[in-house]
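Let's walk through this one together, a piece at a time. Have the structure open and follow along.

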Amino acid sequence: MFLHAKNMVGGYGETTILNNCSINVKQGEIAVIVGPNGAGKSTAMKAIFGMLDLRQGNVFFDGEDITYLSPQDRVKKGMGFVPQTNNVFTSMTVLENLEIGGFTNLDKIKSNIKEIFNLFPILEEKQKQIVGELSGGQRQQVAVGRALMTNPKLLMLDEPTAGVSPIVVKELFEKIINIAKAGIAILMVEQNAKQALEISDNGFVLVQGENKFTDKGITLLENREVRKAFLGG
Amino acid sequence: MIEIRNVSKHFGGIKAVENVTLDIHKGSITGLIGPNGAGKTTLFNIIAGFYSPDFGEIIFEGENISTLRSDELFKKGILRTFQIAHEFENLTVRENLMMVPDNQTGETIFHTWISRKKIRVEEEKNSKKAAEVMEFLSLDHLANEKAGSLSGGQKKLLELGRTMMVDAKIVLLDEVGAGVNKTLLKKIGESIKTLNKEMGYTFFMIEHDIEFISSLCDPVIVMTEGSVLTEGKVSSIRNDERVIEAYLGN
């Protein structure tokens, strides 16, 4: 298993959010975490990325135990993370955002930017524009592009389609499929759960920090209980 | 109820809102959709008194409110939620809700000395109301948690909850559904319908979830590039080629 987050227990202060939660992702696979609000989805992502100290459990990445590594060191190992909010530098240009994203990989900055412009042509067009002036969907593309600048082997996305228009949701999902086809594993949290599960290989339904259902995306979509409780029927 | 007349707002060279004219009818649940960057939130900010329009005017129940501040509009019954939740992070969920009603007796030092009973009665009333709102939004188990520690979706629910603490005439909802689980969103939709039918609230809502919009809104207004593209029932909007091209996709 490429990413194997095993039996994670943790939370903020005395509050326990993750309750024996496990998440696995294979190479080149798209995995999706869904669940009700406050289920611990974003917390699980933070724990995997090292932004939350675990009380119990381990995170294995590419065969190595990284449980005690800092987020910076995890980036060097090949993890990229796009948080739900505050995921771009709004007072900087698109190009500056991408350049900053490439801090671990100075030799490849130019070639990486070229690849990201191929993936998101709108960013090439707007490269000199301040990110704060861009629309929500374009900002998300900057955020994903910035994360890709480190050449991650695993890209983690926390609600990449929140607040973007339907046409852009489709576009973003298509881009995500393309990224996965390039061999990068994707782990994402999504409230557009139906669409996300449709394009996913595996889905994890979390409830109160525990794994409630784990199965192939399509199988979860067909599960009546999952549909009723988490997908709006 | 609200008449928006030839309203424009420019930021430097960017025409965020350009010559928008539309009506929000009393008792309606009016939807506002459009691509990112179409000017929807800017229009909300103008109606809610965060910006004054560069040109044009906003009429609310016959009165020109274009230059009123947001607190003055709140007193008139115009409430809004934000796309990115604006919670008081160091206050608990209950406290965030209880502080919504304005002119509370306990707000002045003088009254904290001489009007204790009145304050207690008011606070009990607000606390009861807050409990009802929290139960409705499935936030009751988090009543004493600091709002800053809520998840993204829970903060959006708290945002909606704040508008339920006072009697509003019109509520502007800015993407209340983004980041909210679909099953809960369905329940929120039902509450919007109830507030609309039983309490007479008018809603004007920006939303990207087209199913959510379809189940609630009539009419729906579509904006692109700062202007109104079209307006009508969801069924006709969904089949409008221009809307499909600009917003919905195939």
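Predicted model: local features only at pLDDT ≥ 70, side-chain atom pairs only at ≥ 80, totals over all residues.

## Around Asp174(B)

Leave aside anything up to four places away in sequence, and Asp174(B) touches Thr41(B), Phe44(B), Arg80(B), Thr81(B), Phe82(B), Gln83(B) and Ile206(B). Asp174(B) sits in strand β7 (residues 170-174) of chain B.

Is Asp174(B) buried or exposed? It counts as buried, because it has 23 C-beta neighbours inside 10 Å, and the cut-off for being buried is 20 or more. Going along the chain, Leu185(B) is 11 residues apart from Asp174(B), and their C-alpha atoms are separated by 14 Å.

## Chain B as a whole

Chain B is built from 10 helices and 10 strands. Its radius of gyration is 19 Å, close to the 18 Å that the globule rule gives for 250 residues, so chain B is as compact as a globular protein of that length. Along the principal axes, its C-alpha atoms fill a box of roughly 60 × 40 × 35 Å.

How much of chain B is buried? Of its 250 residues, 44% count as buried. As for contacts with a separation of 6 or more in chain B, 65% of them are between residues 24 or more positions apart.

## Two domains in chain B

Chain B splits into domain 1 (2-87 + 168-248) and domain 2 (88-149). The centres of these two domains of chain B, taken over C-alpha atoms, are 28 Å apart.

Where they meet, domain 1 of chain B puts in five residues and domain 2 of chain B puts in eight. On the domain 1 side, α2 (70-75) and α7 of chain B each supply at least two residues. That side of domain 1 of chain B divides into two nonpolar residues, one polar and two charged.

## Where chain B meets chain A

Between the chains, 26 residues of chain B are in contact with 27 residues of chain A. On the chain B side, α6 (152-163), α7 (182-198) and α10 (241-248) each supply at least two residues. Which of the elements gives the most to that side of chain B? That would be α7(B), with five residues. Sorted by class, the side of chain B that touches chain A has 10 nonpolar, 13 polar and three charged residues.

## Helix α3 of chain A

Now over to chain A, where helix α3 (residues 94-101) has Val94(A), Asn97(A), Leu98(A) and Gly101(A) buried. Look down the axis of α3(A) and these buried residues fall within an arc of 95°, so they line one face of the helix. The background is simple: an α-helix has 3.6 residues a turn, so residues three or four places apart point the same way.

What covers that buried face of α3(A)? The cover includes α4 (109-119), α5 (121-125) and α6 (136-148) of chain A.

## The nonpolar cores

The largest nonpolar core has 68 residues. Those with the most contacts inside it are Ile23(A), Ala44(A), Ile48(A), Leu155(A), Met156(A), Ile186(A) and Leu187(A). Helix α7 (residues 166-181) of chain A supplies the largest share of this core, seven residues.

Take Leu155(A): beyond its neighbours within four places in sequence, Leu155(A) is in contact with Gly80(A), Ala147(A), Leu148(A), Ile179(A), Ile184(A) and Ile186(A).

How values were computed. Residues numbered from 1 in each chain as written. Chains lettered and ligands numbered in written order. Contact = placed C-beta atoms within 7 Å. Helix = DSSP H or I, 4+ residues; strand = E, 2+ residues; numbered from the N terminus. Nonpolar A, V, L, I, M, F, W, Y, C, P; charged D, E, K, R; others polar. Buried ≥ 20, exposed ≤ 12 C-beta atoms within 10 Å, placed from the backbone. Arc of directions from axis to C-beta. Rg over C-alpha atoms; globule rule 2.2 N^0.38 Å. Core = buried A, V, L, I, M, F, W, Y, C linked by C-beta atoms within 7 Å. Domains from an automatic or database assignment.
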